[in-house]
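Q: I would like to go through this model with you, one topic at a time. Could you begin with the terms for accessibility?

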Amino acid sequence: PILDSYFDSSENQSFVGDFLKQFFYCFESNRDMLLFCYVDSSLFSLTSTFQSTPKEQVAFYREQGRNFLFAKEAKRASALHKGKVSIVSSFNTLFG
């Protein structure tokens with residue numbers, strides 16, 4: 001559910017709710033369909049802050065992320081995904 005107070009109108013709330021339902025449906029079933037959600041100038045990066053989770057369980061995500069506490073500058077640059085193909089590809093790598 002989406003809180004009513006986050007929106008200025010019921011139309012916008014409905015639009016965002018419908019978008020999120022469709023996005024997560026595609027994310028779970030066919031991520032290639034998400035290519036239509038992005039443009040070539042889109043950017044995506046991941047930062048993880050699993051403070052109460054054992055390090056070995058989150059090591060993979062920390063390696064893929066841009067968190068300034070864990071990633072060196074060269075890695076931060078390569079972990080910034082640019083464009084729809086790179087973004088959707090990163091979803092497949094990160095989330096199987």
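A: Buried means under 20% relative accessible area, exposed means over 50%, and partly exposed lies in between, with a 1.4 Å probe and protein chains only. This is a predicted model, in which local features need pLDDT of at least 70, side-chain atom pairs count only at pLDDT 80 or more, and totals for chains, interfaces and linings use all residues. Residues are numbered from 1 along each chain as its sequence is written, and side-chain values use heavy atoms, with hydrogens and water left out.

Q: Where does Phe19 fall, buried or exposed or partly exposed?

A: Phe19 counts as partly exposed, because its relative accessibility is 39%.

Q: Which aromatic pair does Phe19 form with Phe23, and at what distance centre to centre?

A: Phe19 and Phe23 form a tilted pair, with 6.0 Å centre to centre and 35° between the planes. Both residues lie in helix α1, four residues apart, which is about one turn of the helix. Helices (H or I, at least four residues) and strands (E, at least two) are DSSP runs, numbered from the N terminus. Phe23 counts as buried, because its relative accessibility is 13%.

Q: What about Tyr38 and Phe91?

A: Tyr38 and Phe91 form an edge-to-face pair, at 6.3 Å centre to centre with 65° between the planes. Tyr38 lies in the loop between α1 and β1 (43–44) and Phe91 lies in helix α4 (residues 84–95), so the pair ties together parts that are 53 residues apart in sequence. Tyr38 counts as buried at 18% relative accessibility, and Phe91 counts as buried at 4%.

Q: Which residues form the aromatic cluster?

A: One aromatic cluster is formed by Phe19, Phe23, Phe24, Phe27, Tyr38, Phe44, Phe91 and Phe95.

Q: Please say more about Phe27. What does Phe27 touch?

A: Leaving aside residues up to four places away in sequence, Phe27 is in contact (heavy atoms within 4.5 Å) with Leu34, Phe91 and Phe95. Phe27 is in helix α1 and counts as buried, with 13% relative accessibility. The C-alpha atoms of Phe27 and Asn92 are 9.3 Å apart in space, although these residues are 65 residues apart in sequence.

Q: Which charged end sits over the ring of Phe27?

A: That of Arg31, at 4.2 Å from the ring centre. A charge sits over a ring if NZ of Lys or CZ of Arg is within 6 Å of the ring centre and within 35 degrees of the ring normal.

Q: Turning to the surface, which residues form the nonpolar patch?

A: The patch consists of Ile2, Leu3, Tyr6, Phe15, Phe19, Leu20 and Phe24, with about 750 Å² of accessible area together. Patches are made of residues with over 30% relative accessible area and no salt bridge; like charges are joined within 9 Å, and nonpolar side chains (Val, Leu, Ile, Met, Phe, Trp, Tyr) within 5 Å. A salt bridge is a side-chain nitrogen of Lys or Arg within 4 Å of a carboxyl oxygen of Asp or Glu. Accessible areas come from the Shrake-Rupley method with a 1.4 Å probe, and for residues only the protein chains shown count as cover.

Q: Is Phe15 buried or exposed?

A: Phe15, which lies in helix α1 (residues 10–29), counts as exposed at 60% relative accessibility.

Q: And Ser90, which residues does it touch?

A: Ser90 touches Phe44 and His81, not counting residues up to four places away in sequence. Ser90 is in helix α4 and counts as buried, at 4% relative accessibility.

Q: Finally, what pattern does the protein follow along the sequence?

A: The pattern is α-β-α-α-β-α, with four helices and two strands. Of the 96 residues, 27% are buried.

Notes
Phe/Tyr/Trp six-rings, centres within 6.5 Å; stacked < 30°, edge-to-face > 60°.
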